[in-house]
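I opened this notebook to record what I looked up, element by element, with the cut-offs written next to the terms.

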Amino acid sequence: MNGLWSPLNGWFLIPFIQKGMNAWQAAQWVNAFIGMGVVLISYLLFKQWIISRKQLAIATITLSFILPVLCFYQMFGDLLSVFFLASYLYLLVRIKQWKFLHTCLVALIAGFAFYAKAYAVVWFGLHFFLFCIYLYAQKVWSMRQALVHIFLAAIVVLALIMPWSILLYQKYQHFSLTGHAGTLNMSWFINSGKTFREDIQLLIPPVCEGSPSFWEDPYLSQGDLSTPFSSGLHFLKWIRRIVYNIILLFGCLSEIHVLSWMTLILSIHLLYKRRKKFDPKLWVMVSAALSIPLGYLLVALETRYIWLEIPIVMILGLYLINHSIHSRFKIVFVGLFFIGFLIYPLRSLDFMKDKNKSLFETAARLRDLGIQGKLTSNATDAGSMWVIAYLSQSSFYTIEQSDYTLTTLKTEMTRYKVKYFLQVNENNLIANCSSDTSFQLKTRLPEIDVFEYKGLD
């Protein structure tokens, strides 16, 4: 349990770890199966829209080329939430006569999606509310029916997520219905950095004995967390962040497909032209595409957060092609359209090739030399050191300052009994310990000098 990471992916690993399997390898296998599930549910979603067997095959094959990249680009949370939310969209467009049982079912899916990624349940609440209002506006439901469905969905979702919220409250003594990830990220981004407890000075200790780093549960080390309404300055920084995220959204959608924006704009135009015609399937997909990024625009945005847009843009693009192009060359336009989905994944393959291989090698070398235990480093990229610490079964004491002295470093290493200092020979070397007698050079690794701190003797 922690205040930042959603737990479901981790829970899937428990039986594998209990059987003695390496957690990293188990995570890769689990994500591969999740990717297969995404392909399957997307195929069922495609079938609700695509009549042509050729087009169905092209869409499914293209997605199957993309999924291996997504499976290993990010191991936890994002892809699993896509599976649940795509299942939700499938039910919305599949079921013709919506009943209370169907509302309970989609709310149940949303509840499980929350444990994959907390934002999933927030988005579900927004989108399902819009879905109910749409059916009311189209005179399919009365206002009373719409409100009953909204209330029923809320009850089911709350029943599923409340146990986790209560457990988090018992651990942190701070209640948040959907967890603390949004609170943490909001504070970090509007402050352009983290704020730590008063007792934390230079070294940020792991959350508990044996933890690889404080990042295992960053909530425990945080001080006062800011919100947009903490002060006028924080509010202005929040507005600046929103503007930045809106600009960033253009790039994220372009990574999904170079014509994503055009596809969405044309889909909105088509929906507007058909506003007097009851077309719930088109409305569901367009409203989903537009609402997915909204919550992220308020805090932070990455392409992986909106991977659900991939099958949606595929469907809307095909829908537009089939309603705009009437010729025997339609299949050519379809093929060219789907090639656009492969540009970013193919580029990512080159980026991911041998990514972090050096970290695995460094960790293995440290284990071979018996250099394990409490570590710290002057590396500006603390994330790489967290990986090395995890792989070498060590604990890393993070430094997130740049203006400390060697004396301060030694004081802090003595305070926490940190034995090793991994000195990265960067251009602006901070606290160079190579000439200090308190540090003994143990070994030289590529780009890292490993020193043992003798001040503990």
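I took buried to mean under 20% relative accessible area and exposed over 50%, with partly exposed in between (1.4 Å probe, protein chains only). Strands (E, at least two residues) and helices (H or I, at least four) are DSSP runs, numbered from the N terminus. This is a predicted model, in which local features need pLDDT of at least 70 and side-chain atom pairs count only at pLDDT 80 or more, while totals for chains, interfaces and linings use all residues. Residues are numbered from 1 along each chain as its sequence is written, and side-chain values use heavy atoms, with hydrogens and water left out.

Strand 7. I looked up residues 448-453 and found six of the six buried, so strand 7 is largely enclosed by the rest of the structure. I448, V450 and E452 point one way, whereas D449, F451 and Y453 point the other way.

Pairing (at least two DSSP bridges between two strands). I noted that strand 6 (residues 439-445) runs antiparallel to strand 7 over six bridges, with L445 the bridge partner of I448. These two strands form a hairpin with two residues between them, and E447 in the turn has a positive phi of about 70 degrees. Strand 5 (residues 420-424) is also antiparallel to strand 7, joined by five bridges, and there Q423 stands opposite D449.

Helix 14. In residues 330-339 I listed K330, V334, F337 and F338 as buried. They lie on the same side of helix 14, because their arc (directions from the helix axis to the C-beta atoms) is only 90 degrees. The exposed L336 and I339 sit on the face turned away from that buried side.
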